[in-house]
Amino acid sequence: MRNATSILLLCLLPFACGGDSRMVPTDATDGSKQDPQPAQARPGFDATYIANAGFLMTGPEGVVLFDSLYTTPSTEWRAPTPQTLDALTMPRKPFDQVTVVVVTHNHPDHYDADTVATHMRNNTKAHLITTAQIGEDMALNIADFASFADRVHAQTPNPNESIELEVAGIAFKLMLFTHGKKSTSENLGVQFTLGGVKILHVGDSQALSEDIAAYALPGEGIDVAFFPFWMLMREWWQTTIREAIAPGTIVAMHLNPRTVVQKHIQDRGGWDAVFASWQEQFPTCVIIEEPASSVHFD
Ligand SMILES: [Zn+2]
Ligand SMILES: [Zn+2]
């Protein structure tokens, strides 16, 4: 497995402003020609936080947008601002560069059919990777679904099985990470590589080690894995992360707004104390709360 990924920069990107192009590499078409550095050097990718489990991931092979196309205003969960939603659906920079949209599951803090459809209509180079459930939902509820259906890859793996597919020049592996025994929502774990960095986003996973053992993820050498906050809070999921996934670097996601008062967070001394405990448990843990903040991983 590779060493832990280093964080090289932290910057802010104004989504509402059309003039900023820092997110888009000036020559992102062929990393092999422009990189005279030692063989181990990797161009890496930028992860820009949108809201909740939503991230924009920009690498030499393309731009992948996770779980950002939803509108449900919520006091419980963070959601894209109206300005960001406008930029997401027009789409404007940096979202006009998106080549792959990924929606991990059909909950309203990750997915809204109309918002996804608007992006797919307006960004004709974008492909959608999502669950069979969402594919069926969109086919039923979006009148012109057929107009972009050839760019929709809606598949759900069976338990303990994975689906490998190449979309817009990027190889993806889709896995089933259960949303929990009480949920009927199919939830994807999505593995792919950008700029030589192997990435895993697990959606709203509540999977335990035994649920994902068949994927043998420690042998995959995951460099950067995105986990919802509950997987960092509970001992059994911390064990799952360490023993059944073993990523180099962790990004915490699905963080509640600070305005939401939760007894279990207060009992632990508040969010700052909780964050400190995560970083004690996982020294490489990256916590991003500020929308449009961008971190480079290589
Ligand atoms: Zn969910
Ligand atoms: Zn969620």
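This is a predicted model: local features need pLDDT of at least 70, side-chain atom pairs count only at pLDDT 80 or more; totals for chains, interfaces and linings use all residues.
User: Two strands pair if DSSP finds at least two bridges between them. How many bridges join strand S12 to strand S13?

Analyst: Residues are numbered from 1 along each chain as its sequence is written; chains are lettered from A and ligands numbered from 1, in the order in which they are written. Strands (E, at least two residues) and helices (H or I, at least four residues) are DSSP runs, numbered from the N terminus. S12 (residues 224-228) and S13 (residues 249-253) run parallel, proline 228 stands opposite methionine 253 in S13, and the number of bridges joining the two strands is five.

User: What is the mean pLDDT of the protein?

Analyst: Over residues 1-33 the pLDDT is below 50. Across the protein, 87% of the residues reach 70 or more, and the mean pLDDT is 89.

User: Which strands stand at the edges of the open sheet, each with a single partner strand?

Analyst: Seven strands form the open sheet, with mixed pairing, in the order S8-S9-S10-S11-S12-S13-S14. Two of these strands have one side left without a neighbour in the sheet, because each has a single partner strand; they are S8 and S14 (286-287).

User: Which residue takes a positive phi in the hairpin of S8 and S9?

Analyst: S8 (residues 162-167) and S9 (residues 170-176) pair in the antiparallel sense over six bridges. Valine 167 stands opposite isoleucine 170 in S9. The hairpin has two residues between the strands, and the one with a positive phi, near 50°, is alanine 168.

User: Which residue in S10 stands opposite lysine 173?

Analyst: Strand S10 (residues 188-194) runs antiparallel to S9 and is joined to it by four bridges. Opposite lysine 173 stands glutamine 191.

User: Which residue in S12 is the bridge partner of histidine 201?

Analyst: Histidine 201 lies in S11 and stands opposite valine 190; S10 and S11 pair in the antiparallel sense over five bridges. S11 also runs parallel to S12, to which three bridges join it. The partner of histidine 201 in S12 is phenylalanine 226.

User: How many of the five residues of strand S11 are buried?

Analyst: A residue is buried if 20 or more other C-beta atoms lie within 10 Å of its own, exposed if 12 or fewer do, and partly exposed in between, with C-beta atoms placed from the backbone. S11 (residues 197-201) is mostly covered, and the number of its five residues that are buried is four.

User: Is isoleucine 245 buried or exposed?

Analyst: Isoleucine 245 lies in helix H7 (residues 235-245). Two residues are in contact if their C-beta atoms, placed from the backbone, lie within 7 Å; apart from residues up to four places away in sequence, isoleucine 245 touches Leu217, Pro218, Ile222, Ala225 and Thr240. Its C-alpha atom is 8.5 Å from that of glutamate 220, 25 residues away along the chain. Because isoleucine 245 has 23 C-beta neighbours inside 10 Å, it counts as buried.

User: At roughly what angle do the axes of helix H3 and helix H4 cross?

Analyst: Axes are lines fitted to C-alpha atoms, for helices over the stretch in contact, and angles run from 0 to 180 degrees between N-to-C directions. In the contact, Ala113, Val116 and Ala117 of H3 meet Asp137, Met138 and Asn141 of H4. H3 and H4 are therefore roughly perpendicular, a term for angles of 65 to 115 degrees (under 35 is roughly parallel, over 145 roughly antiparallel and the rest oblique). The axes of H3 (residues 113-122) and H4 (residues 132-141) come within 10 Å, and they cross at roughly 85°.

User: Against which elements do the buried residues of H2 pack?

Analyst: Helix H2 (residues 82-89) has Thr84, Leu85, Ala87, Leu88 and Thr89 as its buried residues. These residues pack against strand S2 (45-51) and H3.

User: What is omega for the peptide bond from methionine 90 to proline 91?

Analyst: Proline 91 lies in the loop between H2 and strand S5 (100-102). Proline 94 is also placed in the loop between H2 and S5, and a cis peptide bond joins it to lysine 93, with omega about 0°. The bond from methionine 90 to proline 91 is cis, with omega near -10°.

User: Is alanine 216 buried or exposed?

Analyst: Alanine 216 has a positive phi, near 45°, and is a residue other than glycine. It is placed in the loop between helix H5 (209-212) and S12. Because alanine 216 has 9 C-beta neighbours inside 10 Å, it counts as exposed.

Definitions and conventions
pLDDT is the predictor's confidence in each residue, from 0 to 100.
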